[in-house]
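The sequence and the structure come first, and the description follows.

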Amino acid sequence: MSPSAEPLPEAELARARELLAGARRVVVLTGAGFSAESGVPTFRGPQGLWRQFRPEELATPEAFARDPRLVWEWYEWRRGLVAQARPNPGHEALVRLEARVPEFLLATQNVDGLHQLAGSQRMSELHGSIWRLRCCGCGDERLDRAHPLPELPPRCGGCGGLLRPGVVWYGESLPLEALQAAVEAARACDLAIVAGTSAVVYPAAGVATAALQAGRPVLEINPERTELSGLVAVSLRARSGEVLPLLVA
Ligand code: OAD
């Protein structure tokens, strides 16, 4: 039976509603599962990208140095998938939540840009964006939603250097200020929502653990159990696109 066919857990829903009703400082951490209902594949799990592909061949600086065209072909394929995707009701619910909470920060591990497309503003992309291109030569960066790109691998219009996807690869640092802001907000929040992530990839998952360590209530939304499930105040076994609109109604 698919997780969405399960009845929504009423007791946990009521508890989650209570937490949300009183919250004035909210931090949200999202992951690939948040975009699953938009048709964007996740990384882990039975249909996950990492079942088909090896991250060390496609998502590291060494892989790109070895074979930039191969890496770009994979990103082009994913840009194509994401180009067809639209924000789902979960993305829209977070926009409504942001509008009513005085202190709000959405930290996402997703590179698909769907939160921005929905209208989220107070947010940071901890793993960059699949729509950003960065020159390995002059460091110039630009947003480019063209799909397909006219040439692979793409080249910088300024210096002619190789362009790379503006995402964070394994072995690379996350944008420091964005990560620190998210961790600090998590320590000081009165509710952290962790939705659609397996929460196993650090340091991004540290946003969730920072809230837990500071004794802040954490609401997890995920159809599957994760390593966080036993530690959080409420673990809602549900799809984010189904349950968040109910919680933020
Ligand atoms: P994962 O693929 O590891 O986890 C997705 C999570 O979403 C799983 O726990 C699913 O159970 C859950 N899920 C699936 N459908 C859902 C739905 N409709 N609603 C809510 N949850 C759902 O993705 P991430 O945790 O984002 O990094 O992975 C973290 C990082 O690992 C990614 O940013 C990427 C990847 O390697 C890099 O590429 C650096």
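What radius of gyration would a compact globule with 249 residues have, and what does the protein chain have? For 249 residues a compact globule would have a radius of gyration near 18 Å, and the protein chain agrees, with 18 Å. The radius is taken over C-alpha atoms, and the globule rule is 2.2 Å times the number of residues to the power 0.38.

## Basis of the values

This is a predicted model, in which local features need pLDDT of at least 70 and side-chain atom pairs count only at pLDDT 80 or more, while totals for chains, interfaces and linings use all residues. Residues are numbered from 1 along each chain as its sequence is written, and side-chain values use heavy atoms, with hydrogens and water left out.

## Overall fold

The protein chain holds 10 helices and 9 strands. Both are DSSP runs numbered from the N terminus: helices are H or I with at least four residues, strands are E with at least two. The C-alpha trace spans about 55 × 40 × 30 Å along its principal axes.

Of the 249 residues, 51% count as buried. Buried means under 20% relative accessible area, exposed over 50%, and partly exposed in between, with a 1.4 Å probe and protein chains only. The accessible surface of the chain is about 11600 Å², and carbon and sulfur atoms account for 51% of that surface; such areas come from the Shrake-Rupley method with a 1.4 Å probe, and for residues only the protein chains shown count as cover. Among contacts between residues at least 6 apart in sequence, 67% join residues at least 24 apart, where contact means heavy atoms within 4.5 Å.

## Ligand site

The ligand has 24 residues around it, and Phe 43, Arg 44, Tyr 170, Thr 197 and Ser 198 come nearest. A residue is near a molecule if one of its heavy atoms lies within 4 Å of it. By class, the shell divides into 10 nonpolar, 10 polar and 4 charged residues. Here Ala, Val, Leu, Ile, Met, Phe, Trp, Tyr, Cys and Pro count as nonpolar, Asp, Glu, Lys and Arg as charged, and the others, Gly among them, as polar.

From Gln 109 a backbone N or O atom lies 3.4 Å from a ligand oxygen. Taken alone the ligand exposes 790 Å², and the protein buries 90% of that.

Thr 108 belongs to strand S2 (residues 103-108) and is buried, with a relative accessible area of 2%. Its side chain makes a polar contact with the side chain of Thr 30 at 2.6 Å. A polar contact is a pair of N or O atoms within 3.5 Å; within protein, one must be able to donate a hydrogen and the other to accept it, and residues adjacent in sequence count only if both atoms are side-chain atoms. Beyond its neighbours within four places in sequence, Thr 108 is in contact with residues including His 115, Met 123 and His 127.

Ser 120 sits in the loop between helix H7 (114-118) and strand S3 (123-125). Its relative accessible area is 5%, so Ser 120 is buried. Not counting residues up to four places away in sequence, Ser 120 touches Val 95, Glu 98, Leu 106 and His 115.

## The loop between S5 and S6

Arg 145 is in the loop between strand S5 (141-143) and strand S6 (163-167). Arg 145 is partly exposed, with a relative accessible area of 46%. Its C-alpha atom is separated by 5.6 Å from that of Trp 131, 14 residues apart along the chain. With neighbours within four places left aside, Arg 145 is in contact with Arg 79 and Trp 131.

Pro 148 and Pro 153 are found in this loop too. A cis peptide bond joins His 147 and Pro 148, with omega about 0 degrees. Another cis peptide bond joins Leu 152 and Pro 153, with omega about -10 degrees.

Ala 199 is placed in the loop between strand S7 (191-195) and helix H9 (206-213). Although not a glycine, Ala 199 has a positive phi of about 55 degrees. Ala 199 counts as buried at 5% relative accessibility.

Asn 222 lies in the loop between strand S8 (218-221) and strand S9 (234-236) and is buried at 9% relative accessible area. The side chain of Asn 222 reaches the backbone nitrogen of Glu 224 at 2.9 Å. Among the residues that Asn 222 touches, not counting those up to four places away in sequence, are Gly 196 and Thr 197.
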